[in-house]
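Here are my notes for your first look at this model. Please read them with the structure open.

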Amino acid sequence: MPYRIFATCDVGKDALDVLRQRGYEVEVYDRLEPPPKSLIIEKVRSGVDGLITTLRDSIDAEVFEAGRGTLKVVAQDAVGFDNIDRAAANRYQIPFTHTPDVLTDATAEFALLILGCVARKLYPSERLVRENRWGAWHPYLPFLGDEVTGKVIAVIGTGRIGRAFIKKAVGFDVDFLCYQPQHRDEEFAGKIQDAMNLRFRLGLSAARCTIRYVALEEALRHADFVSLHVPLLYEHESPTPTFHLMNAQTLRLMKPTAYLINTSRGPVVDESALVEALKQGVIAGAALDVFEREPLPPDSPLRDPALEDRLRLFSHFASAGRITRLSADPNKGMAGRCVQGLIDVLEGRYGGNPANVPWVVNKEAFQARVVER
Ligand code: GLV
């Protein structure tokens, strides 16, 4: 019997063809919007071996219960997996995979680009031209932006993406204040400091820049830009939760001239507090790629035209580069890595050792589990 797979979304034809070429039966929900939960449950209950999901799907205890005894793997086409109930997956001993690393650079460069976009007022400037309101070149009218070079960037979360962001931002001759509640990567910070020292010594930067780990409060107080690179963690999941990490109190710690950049997960920022902070001039601006509710609801206060000049809004687009999203090569694309993770688990390609399946998030689910057909 061939393996049967249900994909809640078309993650990319080339990658899905890899499964078909191995004789898998692959059914794809190929509409733009996500399938209703009832359909996912129906498909899982029908006995599929593998489920390909995206961050739009809520994969909770109900889904795992529907797959009891038949569902062998959930393969998520994203690095974040806050939509998957890990405890429930473990109860049913169903491993799930994600797609780390292959989207790190795309996401990090996007964060840096939207930081520049909001600070240098790219959108208002283009609108001026398009709407024929560019009356004359003038030294400072109708508005100015803020330079990135030489400023202080707080990097909140120095995991894969935070570190990649730092590597790219070094060329802007900025100082970094890093915040990481657990597992500070001092070795990485040391290497970045060495690179900055070298740039200075060679005359490639005008000042000797610095990188330091500090407490959250210190990072927020001193930064000109705050870039969020943390996973979404609720109180019941972690001693250092990140839900509404940026709220009325923490936003108030930021300088009135500072900008907030979020490419992590929407609920890390309390959106109503952010709207108030922007309206009252508590901070200068923000660029958001992720939202508490996605797609952003038509009546979201973030759409207030009064905020348009200082608030950039994007469509959860950070990893949306052609190669990053679609390459069937598991070392290049999310689609490839998603499909490869699914194959590795289903076909037991880990020699009995869960450590050999790096993209499985809940390795604990393998305990006492026998993959048989
Ligand atoms: C995107 O947000 C991802 O988690 O891959």
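1. Where is the place of histidine 183? Histidine 183 sits in the loop between strand E7 (175-179) and helix H8 (186-201). Bear in mind that this is a predicted model. The phi of histidine 183 is positive, about 55°, although the residue is not a glycine. Histidine 183 counts as exposed because its relative accessibility is 71%, and the cut-off for exposed is over 50%.

2. Now look at aspartate 101. This residue is not a glycine, yet its phi is positive, about 75°. Aspartate 101 belongs to the loop between strand E5 (96-97) and helix H5 (104-119). Its relative accessible area is 42%, so aspartate 101 is partly exposed.

3. Turn to the ligand. Around it are Leu55, Ala78, Val79, Gly80, Leu103, Arg265 and His316. This shell divides into 4 nonpolar, 2 polar and 1 charged.

4. A polar side-chain atom of histidine 316 is 2.6 Å from an oxygen atom of the ligand. For arginine 265, a side-chain N or O atom lies 2.7 Å from a ligand oxygen. Glycine 80 uses a polar backbone atom, 2.8 Å from an oxygen of the ligand. On its own the ligand has 190 Å² of accessible area, and the protein covers 90% of that.

5. Two cis peptide bonds deserve a look. One joins leucine 141 and proline 142, with omega about 5°. Another joins glutamate 294 and proline 295, with omega about -10°. Proline 295 lies in the loop between strand E11 (285-288) and strand E12 (311-313).

6. Finish with helix H13 (residues 334-346). Because 13 of its 13 residues are buried, H13 is largely enclosed by the rest of the structure. Glycine 348 follows H13 and has a positive phi, near 65°.

Methods: Residues are numbered from 1 along each chain as its sequence is written. This is a predicted model: local features need pLDDT of at least 70, side-chain atom pairs count only at pLDDT 80 or more; totals for chains, interfaces and linings use all residues. Side-chain values use heavy atoms; hydrogens and water are left out. A residue is near a molecule or strand if one of its heavy atoms lies within 4 Å of it. A polar contact is a pair of N or O atoms within 3.5 Å; within protein, one must be able to donate a hydrogen and the other to accept it, and residues adjacent in sequence count only if both atoms are side-chain atoms. Accessible areas come from the Shrake-Rupley method with a 1.4 Å probe; for residues, only the protein chains shown count as cover. Ala, Val, Leu, Ile, Met, Phe, Trp, Tyr, Cys and Pro count as nonpolar, Asp, Glu, Lys and Arg as charged, and the others, Gly among them, as polar. Helices (H or I, at least four residues) and strands (E, at least two) are DSSP runs, numbered from the N terminus. The expected span of a helix is 1.5 Å times one less than its number of residues. Buried means under 20% relative accessible area, exposed over 50%, partly exposed in between (1.4 Å probe, protein chains only).
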